[in-house]
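Open your viewer and get ready to select residues one stop at a time. Each stop says what to pick and what is there.

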Amino acid sequence: MAAPQQPGKTPLRPNPSPSPTGSAPKRSRTMATDAAAAGPPASKGCPAMKAEFAKHAEYLNALNDKRERLVKASRDITMNSKKVIFQVHRASKVNKEEVLSKAENDLAAVVNQYIGKLVKELQGTDFWKLRRAYTFGVQEYVEAATLCRFCKTGTLLSLAEINDSLLALSDKSVEPLQINVADLSGELMRLAIGRISDGEVEYAKKICAFVRDIYRELTLVVPLMDDNSEMKKKMEVMLQSVVKIENACFSVHVRGSEYIPLLGSSADPDYSFFGASDFDQ
């Protein structure tokens, strides 16, 4: 018969028998006493550390809010710049001056209303840190501005001219936006196809030569860029645009007798552009 247990003492437990496999026996689980469960007193929170975490949390929240504002501004710039591009594509020999004048006014409104907000948000290191939040809107604006310039003067809008127009919106000490014009080739391709459908073959050839020159010059610059992965993709798209314009111009040049009368450009079409001025119909 077991001996009676004295109050306040833990009963003795027999040693576990060794495992038949020869490995160390498993220790049985025991419930910790109140004295063992009680650890060291809880340390008081460090006010300096809490203040530091609060400062970082406030900075991250402000950065996220700024990113959302930049994304919204970029969407507005993209939407309104596309409207300008669609408007330029509707220009023809009859209403060219009127359409381009209205497009330039709408483009100025995009700069004052939307890009102005963008420039004010981009101060200090935020220019590079938040670049992906606004780069697509800026590229769309540059595309619209360069398309307007080409349709008006036949020249390319330079980076210095774009930066000068944007510097007026903010402090001149702020680094200007870094932009590119590679997306312009797609709109010029659409413009060339549209001009061919209107019978303006020579103007389409001019666009073809212009886009070809841009591609040739950029093939020398892109390999020297540090981060050129995005530009390599744009160069592939640009080459496709060049090929499409060349094929369209070549088709009209070779099969002009089939295309030109159907275009309604004139009652007596001129075939001198492919060496058959006295073509006998």
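Leaving aside its neighbours within four places in sequence, which residues is Y141 in contact with? Select Y141, then I77, S81, L107, V110, V111, I115, I162, S165 and L166: these are its contacts beyond four places in sequence. Contact means heavy atoms within 4.5 Å.

A word on the model before moving on. This is a predicted model, in which local features need pLDDT of at least 70, side-chain atom pairs count only at pLDDT 80 or more, and totals for chains, interfaces and linings use all residues. Residues are numbered from 1 along each chain as its sequence is written, and side-chain values use heavy atoms, with hydrogens and water left out.

**Stop one: the whole chain.** Colour by secondary structure. You will find ten helices and zero strands. Helices (H or I, at least four residues) and strands (E, at least two) are DSSP runs, numbered from the N terminus. Of the 281 residues, 33% count as buried. Buried means under 20% relative accessible area, exposed over 50%, and partly exposed in between (1.4 Å probe, protein chains only).

**Stop three: the second largest pocket.** Select L107, Y141, A145, L157 and S165. Among the 13 lining residues, these lie nearest the pocket's centre. On a 1 Å grid over the protein atoms alone, a pocket is an open set of points where a 1.4 Å probe fits, with protein on both sides within 12 Å along at least five of seven lines; lining residues have an atom within 4 Å of a point. Now show α3 (96–121), α5 (131–153) and α6 (159–167), which each supply at least two lining residues. α5 gives the most, with five. The lining divides into eight nonpolar, one polar and four charged residues.

**Stop four: A204.** Go to helix α8 and pick A204. Is A204 buried or exposed? A204 counts as buried because its relative accessibility is 0%. Beyond four places in sequence, A204 is in contact with A192, I196, I245 and C249. Finish with G194: A204 and G194 are ten residues apart in sequence and 8.5 Å apart in space, C-alpha to C-alpha.

Terms used. Nonpolar A, V, L, I, M, F, W, Y, C, P; charged D, E, K, R; others polar.
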